[in-house]
Amino acid sequence: MKRVTGIGGIFFNAKDPAALRAWYQKHLGIDVLPWGGAAFTWTGDDGQPSGGTTVWSIGSADPDGFGPANPPFMINYRVADLASLLKALREEGCKVLDKTDDSEYGKFGWVIDPEGHKVELWEPPAGQ
């Protein structure tokens, strides 16, 4: 079974999200959109879009948002088959959260790594 196929997104917590977004926009040229982040389109060797994006987003610090270790960031990993992967992780003894989300943006599930980091797993909608 294929597991992680790429990075779906990187999410930061910030004390002042607007100021941090402005810094990244001004100094690193990241095109921060009104929703608070950017979407980097994947491209193939020919430079053409290849059907995926990596999200970059800064939000307000939430003590429970990124798991029990409370890190300042969370990485979202793109996966091919969320249900099968969560099942396999449970069988392997990993701490998989019971909650999952299914929305227009895809399916989401979470596992806690051995150091307490919340890892987000994302299966994009069909065709993406």
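## Basis of the description

A residue is called buried at under 20% relative accessible area, exposed at over 50%, and partly exposed in between, with a 1.4 Å probe and protein chains only. The model is predicted, so local features need pLDDT of at least 70 and side-chain atom pairs count only at pLDDT 80 or more, while totals for chains, interfaces and linings use all residues. Residues are numbered from 1 along each chain as its sequence is written, and side-chain values use heavy atoms, with hydrogens and water left out.

## Overall architecture

The chain contains 2 helices and 8 strands; these are DSSP runs numbered from the N terminus, with helices (H or I) of at least four residues and strands (E) of at least two. Along the sequence their order is β-α-β-β-β-α-β-β-β-β. Along the principal axes, the C-alpha atoms occupy a box of roughly 45 × 40 × 25 Å. Of the 128 residues in the chain, 35% are buried.

Two residue pairs relate separate parts of the sequence. G8, in strand β1, is buried with a relative accessible area of 4%. Its C-alpha lies 4.7 Å from that of T54, although G8 and T54 are 46 residues apart in sequence. R3 belongs to the segment before β1 and is partly exposed, at 33% relative accessible area. Between the C-alpha atoms of R3 and P125 there are 16 Å, with 122 residues separating the two along the chain.

## The largest pocket

On a 1 Å grid over the protein atoms alone, a pocket is an open set of points where a 1.4 Å probe fits, with protein on both sides within 12 Å along at least five of seven lines; lining residues have an atom within 4 Å of a point.

The lining of the largest pocket comprises 16 residues, and F11, V55, Y105, F108 and W122 lie nearest the centre. At least two lining residues come from each of β1 (4–14), β3 (49–60), β4 (73–79) and β8 (118–123), with β3 giving the most, 4 residues. The lining has 7 nonpolar, 7 polar and 2 charged residues; here Ala, Val, Leu, Ile, Met, Phe, Trp, Tyr, Cys and Pro count as nonpolar, Asp, Glu, Lys and Arg as charged, and the others, Gly among them, as polar.

## Aromatic contacts

The whole structure holds 4 aromatic pairs, defined by ring centres within 6.5 Å for Phe, Tyr and Trp (its six-membered ring), with planes under 30 degrees apart stacked, over 60 edge-to-face and the rest tilted. F12 and Y24 form a tilted pair, 6.0 Å centre to centre with 45° between the planes. This pair joins distant parts of the chain, F12 in strand β1 and Y24 in helix α1 (residues 17–28), 12 residues apart. F12 is partly exposed at 21% relative accessibility, whereas Y24 is buried at 17%. Ring pairs connect F12, W23, Y24 and W56 into a cluster.

K118 lies over the face of W110, 5.3 Å from the ring centre; the criterion is NZ of Lys or CZ of Arg within 6 Å of the ring centre and within 35 degrees of the ring normal.

## The two faces of helix α2

In helix α2 (residues 82–91), the buried residues are L82, L85, L86, A88 and L89. These residues lie on the same side of α2 because they cover an arc of only 160° around the axis, the arc being that of the directions from the helix axis to the C-beta atoms. The exposed residues A83, K87 and E91 are carried on the face of α2 turned away from its buried side.
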